[in-house]
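Thanks for coming, everyone. I'll keep this brief. Please have a look at the structure on the screen.

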Amino acid sequence: MTERYEGLKASSGIAIGNIYLFTREEIVVDNTKIEENAVETEFQRVKESIQSYIDDLSKLMGQSETQANIALAHTELLQDPYFTDTIESKITKDLKNAELALDETIKEMVETMSQIDDDYLRERASDYKDIGLQVMYKLKGIKAKDLSNLDEGSIVIAEELTPSDTSNMNKKAVVGFATDLGGKTSHTSIIAQTLDLPALVGMGDISKKVKGGEVSIIDSNEGILIINPTDEEIETYKKLIAEEKDRKERLKTLKDSKAITTDGKKIEVSANIGNIEDLKIAIENGCDGVGLFRTEFLYMQSSDFPTEDYQFEVYKEATELLGDKPLIVRTLDIGGDKGLDYFDFPKEDNPFLGYRAIRLCLDKVSMFKDQLRALVRASAYGNLKIMVPFVISPSELKKVRELVEEIKKDLDDKGIAYNKDLDIGIMVETPAAVLMADKFIKYADFFSIGTNDLTQYTLSVDRGNDNIANLYSNYNPAVLRAIKHVIDVSHEAGKWTGMCGAFASDTEATKLLLGLGLDEFSGSSAKIAEIKDIVMRSSTEVEAEFANKVLDLEETDEVEKYVSDYNEQNL
Ligand code: PEP
Ligand code: MG
């Protein structure tokens, strides 16, 4: 009997194959305490296991750039002193055995990362799980099952796949995968995108519903997995696969093209990144620049506020990698749910409306100046721009500008180079910034709309609350009117507006956003070629007419239907 299941689209595409059910050996961690004289040997075992896994990872360096970059990121996590110090302390102080110390450390790290209401950062939890598992295998002498020698045409179904599992897949054999757990921005999903493997994640308990061997279709364009499809379905999908192959070939040729509309407007199609490894993936995907570098990751991975010099090296490397393409770096956006192990945030009833982002930075000026100084110094090496998040009054931006001026003066005195025309812009992600856009634009070189927060605050709908998830929509007319207003204000002042919220990566919205006048789209690297393709087949004039009709609608569902019907006919 044919069965259909829905999942989150992690990597687009369609495939037909036979299911391979991937299960993992259950790991039992013994919790008996060790003797004091075993402490040294026990910690030595952990160190050797970590080193052995680092050696394995170094073999991945010769593979695709994405896999090499992810291997590098995992190596950095393994070498992070906080990781090894925590394990060491559990062994030496609490007399825990090596396996237990490792298991607890990983669980604590995963727990911290999973609580963050930021898809990107939350997904980094799976990287910790992955390294924990691989080191545990080493400790226990278990040979990890690998996916490199499956039968041709396999669709892998698993509870969860780690980036290492996915990296090991042999593309000739595996045609797609689906997992119970996982998110769209995990490294597993990113690898699937670079390997061009159709993948679905977050499927609930799909691994419990299959036996293995069933003929199946994975359609991650529509987000469905069909088990035991009918003959007609197989025929239909074979045709779709052929069409899809042509489309992907075309997109590949587009990735390095300039995105210019049919009526001649150049659109920047940029990427959001959290670290250098993401940047390399973005460059591979043909980004026109970086529209959002989320620097909080640098802070969250450190055991103290990162120094000016450390940050300078990171920003300099990123700037240099991009050449003359823009690197827009967001100043520290910490607080809310994003905590730091080494900083005591005040207890607040509504931390999202509390002591966070620019509010905290302007309060801890000396810490903030380290970041600004690193940024100003790095601006000498390319096209770096500074972006200030979560502003509600022009005075906040003016204060940042004053600090930057002070820094520039000091650098002048010391003969240190920087870009004298360094642009400073703001993220428009609060209703106050929208309503005050005409005042902000006097002091901002550009706007970038953060729809993730702007939608949450415009609609008073918590972006992470499942109970009201149906109310959270970027297509709400109020959000669209806010976007239009911000873009118009910037254009009247001869400046530009980009978007770095997830709405920019929603290809259903590309024509609408072009019609609203957006100048830059910054989001998922995986979407760059597709967005360029739509831009190159659209006219801003035609889309402006369409956008005006949309702006006149009253309800979110009306907008969604209108946009979807329009795309069906015009995309
Ligand atoms: C946003 O709010 O749209 C945004 C890009 O910032 P973050 O998701 O990091 O809050
Ligand atoms: Mg935000």
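Let me start with a question. Which backbone N or O atom lies 3.0 Å from an oxygen atom of ligand 1? It belongs to Asp 453. Keep in mind that this is a predicted model.

Let's stay with the ligand. In the model, 14 residues surround ligand 1. The closest are Arg 294, Arg 330, Gly 450, Asn 452 and Arg 463. Take Arg 330. One of its polar side-chain atoms sits 2.9 Å from a ligand 1 oxygen. Gly 450 uses its backbone instead: a polar atom there is 3.3 Å from an oxygen atom of ligand 1. So much for the ligand.

Now the overall layout. The chain splits into domain 1, domain 2 and domain 3. Domain 1 takes in 3–24 + 145–240. Domain 2 covers 36–140, and domain 3 runs over 259–570.

Next, domain 1 against domain 2. Their C-alpha centres are 27 Å apart. On the domain 1 side, 16 residues take part in the contact. Domain 2 brings 18 residues. How much area do domain 1 and domain 2 bury between them? About 1400 Å². Of that, 53% is on carbon and sulfur atoms.

What about charges? Across this interface, between domain 1 and domain 2, there is one salt bridge. Here is a salt bridge to look at: Glu 160 with Lys 129. The closest N and O atoms of Glu 160 and Lys 129 are 3.5 Å apart. Two residue pairs are in polar contact across the interface of domain 1 and domain 2.

Which helices each supply at least two residues of the domain 1 side that touches domain 2? Helix H6, at 163–167, and helix H7, at 187–195. H7 gives the largest share of that side, with five residues. By type, the residues on that side of domain 1 are four nonpolar, nine polar and three charged.

Last topic: salt bridges in the whole structure. There are 42. One pairs the side chains of Lys 266 and Asp 288, at 3.5 Å, N to O. Where are these two? Lys 266 is in strand E10, residues 266–273. Asp 288 is in the loop between helix H10 (276–284) and strand E11 (290–294). The pair therefore ties together parts that are 22 residues apart in sequence.

That's the tour. Questions, please.

How values were computed: Residues numbered from 1 in each chain as written. Chains lettered and ligands numbered in written order. Predicted model: local features only at pLDDT ≥ 70, side-chain atom pairs only at ≥ 80, totals over all residues. Heavy atoms only, no water. Domains from an automatic or database assignment. Contact = heavy atoms within 4.5 Å. Buried area = accessible area lost by both parts, 1.4 Å probe. Salt bridge = Lys/Arg side-chain N within 4 Å of Asp/Glu carboxyl O. Polar contact = N/O pair within 3.5 Å; in protein donor to acceptor, adjacent residues only side chain to side chain. Helix = DSSP H or I, 4+ residues; strand = E, 2+ residues; numbered from the N terminus. Nonpolar A, V, L, I, M, F, W, Y, C, P; charged D, E, K, R; others polar. Near = heavy atom within 4 Å.
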